[in-house]
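These are my notebook entries on one structure, written as I looked things up.

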Amino acid sequence: MYKIKINNMKFHSYIGVYAEEKKIGQNIEIDLIISLPKEIIRNDDINSTLSYGDCYRKIAEIVRLSNVDLLETLALNIIKEIKKLNEKIEYVQVNIRKLAVPINGIFDSVEIQIRD
């Protein structure tokens with residue numbers, strides 16, 4: 001097995017339960033881990049594996065078009081679409097951090113993690 005990781009992708013999103021989150025949006029960070037069998041690395045050819053550039057562009061598109069309420073829904077949508085990029089994917093893990101949350105407290109971010 002081998003893994004492709006894209007760490008700390010930054011996006012502005014309109015995801016959230018509250019109307020203000022949907023109106024002004026907020027910044028989020030996304031980490032992606034994709035597990036693939038090492039056997040698909042047959043040669044030095046990008047066409048025999050999965051392009052992390054394709055993964056990034058797919059995630060950017062999903063975030064840009066999404067206005068869901070929950071980070072969990074966004075993560076599941078990302079997993080579903082990334083799995084369509086290569087039928088040999090063993091699993092996809094997505095971590096999403098919301099940096100500004102309407103919670104009275106002191107913390108850096110909230111984060112969800114889903115692996116499927």
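Entry 1: I looked up Glu29 and found that, at 14% relative accessibility, Glu29 counts as buried, where buried means under 20% relative accessible area, exposed means over 50%, and partly exposed lies in between (1.4 Å probe, protein chains only). Lys10, by contrast, counts as exposed at 52%. The side chains of Lys10 and Glu29 meet in a salt bridge with 3.1 Å from N to O, a salt bridge being a side-chain nitrogen of Lys or Arg within 4 Å of a carboxyl oxygen of Asp or Glu. Lys10 lies in strand S1 and Glu29 in strand S2 (residues 26–36), so this pair ties together parts that are 19 residues apart in sequence. I noted that helices (H or I, at least four residues) and strands (E, at least two) are DSSP runs, numbered from the N terminus.

**Entry 2: what I must keep in mind.** This is a predicted model, in which local features need pLDDT of at least 70 and side-chain atom pairs count only at pLDDT 80 or more, while totals for chains, interfaces and linings use all residues. Residues are numbered from 1 along each chain as its sequence is written, and side-chain values use heavy atoms, with hydrogens and water left out.

Entry 3: I next looked up Asp31 and Arg97, whose side chains meet in a salt bridge at 2.8 Å, N to O. This pair links distant parts of the chain, since Asp31 is in strand S2 and Arg97 in strand S3 (residues 91–98), 66 residues apart. Both Asp31 and Arg97 are buried. Another salt bridge joins the side chains of Asp54 and Arg57, again at 2.8 Å, N to O. Asp54 and Arg57 are separated by about one helical turn, because they are three residues apart in helix H2. Asp54 is partly exposed, with a relative accessible area of 37%, and Arg57 is exposed at 51%. Salt bridges that share partners join Lys10, Glu29, Asp31, Arg97 and Glu111 into one network. The count of salt bridges by this rule comes to ten.

**Entry 4: a loop residue.** Is Val68 buried or exposed? I found Val68 in the loop between helix H2 (52–65) and helix H3 (71–83), and Val68 is buried because its relative accessible area is 18%, under the 20% limit. Leaving aside neighbours within four places in sequence, Val68 is in contact (heavy atoms within 4.5 Å) with residues including Tyr14, Ile15, Lys22 and Asn77. Val68 and Leu85 are 17 residues apart in sequence and 22 Å apart in space, C-alpha to C-alpha.

**Entry 5: a charge over a ring.** The charged end of Arg115 sits over the ring of Tyr91, 3.5 Å from its centre; for this, NZ of Lys or CZ of Arg must be within 6 Å of the ring centre and within 35 degrees of the ring normal.

**Entry 6: the whole protein.** I found three helices and four strands, running β-α-β-α-α-β-β from the N terminus on. Of the 116 residues, 43% count as buried. The C-alpha atoms fill a box of roughly 50 × 25 × 20 Å, taken along the principal axes. Among contacts between residues at least 6 apart in sequence, 61% join residues at least 24 apart.
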